Amino acid sequence: MTRSTPIPNTVTLHLPFRIVRRGGRKEMQLPEGAAQLRRMDNTLVKALARAFRWKRMLETGEFATIADLAKREGIAAPYLTRTMRLTQLAPDLVESILDGSQPSGLNLEALRSTLPMAWSEQRTALSTPLD
């Protein structure tokens, strides 16, 4: 049996994408409308875990001040304070980070900046839709 057209040795695929930095690592970003599997951003998840752990340590009286806690953790107090702001995020934003469905542009530096206290304003500031 013979084939009418030969099978090529090389196949070239053209896929539109761009490389973006996300949480300190590079990630492939597909064009709008393309189905994307979201992965958890380990940097954001770790920061959330630390923030809530530090909050609990202060609330239980394990440490009296942020300065004491920062000294024990071996970090600067301003860094600890900025990271602890994550405990004031809207619950749906925390959930989206934990399940990997946060907006693609959301990163730790954006979350550690000064955010509004009102959850609706946080969503607007972070450009996330209201569920």
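Predicted model: local features only at pLDDT ≥ 70, side-chain atom pairs only at ≥ 80, totals over all residues.
Start with helix H3, residues 77–84. Its axis and that of helix H2, residues 66–73, come within 9 Å and cross at roughly 105°. H2 is therefore roughly perpendicular to H3, since angles of 65 to 115 degrees count as such. On the H2 side, the contact uses Ile 66, Leu 69 and Ala 70. On the H3 side, Ala 77, Leu 80 and Thr 81 meet them. By class, this contact holds 5 nonpolar residues, 1 polar residue and no charged ones.

H3 also meets helix H1. The axes of H1 and H3 come within 8 Å and cross at roughly 105°. That makes H1 roughly perpendicular to H3. H1 brings Ala 47, Ala 51, Trp 54, Lys 55 and Leu 58 to the contact. H3 answers with Tyr 79, Leu 80, Thr 83 and Met 84. The count here is 7 nonpolar, 1 polar and 1 charged.

Now turn to the cores. In soluble globular proteins, nonpolar side chains tend to be buried together. The largest nonpolar core in this model has 16 residues. Leu 48, Leu 86, Leu 89, Ile 97, Leu 111 and Leu 126 touch the most other members. H1, H4 and H5 are the elements that give two or more residues to this core. H1 gives the most, with 5 residues.

Take Leu 48 as a way in. Beyond its neighbours within four places in sequence, Leu 48 is in contact with Leu 86, Leu 89, Val 94, Ile 97 and Leu 98. Another core, of 7 residues, lies apart from the largest one. Its members include Trp 54, Met 57, Ala 70 and Met 84.

Ser 96 deserves a look. Its relative accessible area is 10%, so it is buried, the cut-off being under 20%. Leaving aside neighbours within four places in sequence, Ser 96 is in contact with Ser 101 and Gln 102. Just after H4, Gly 100 takes a positive phi of about 80°.

Key. Residues numbered from 1 in each chain as written. Heavy atoms only, no water. Buried < 20%, exposed > 50% of the residue type's maximum accessible area, 1.4 Å probe, protein only. Contact = heavy atoms within 4.5 Å. Axes fitted to C-alpha atoms, helices over the stretch in contact; angles between N-to-C directions. Helix = DSSP H or I, 4+ residues; strand = E, 2+ residues; numbered from the N terminus. Parallel < 35°, antiparallel > 145°, perpendicular 65-115°, else oblique. Nonpolar A, V, L, I, M, F, W, Y, C, P; charged D, E, K, R; others polar. Core = buried A, V, L, I, M, F, W, Y, C linked by side-chain atoms within 4.5 Å.
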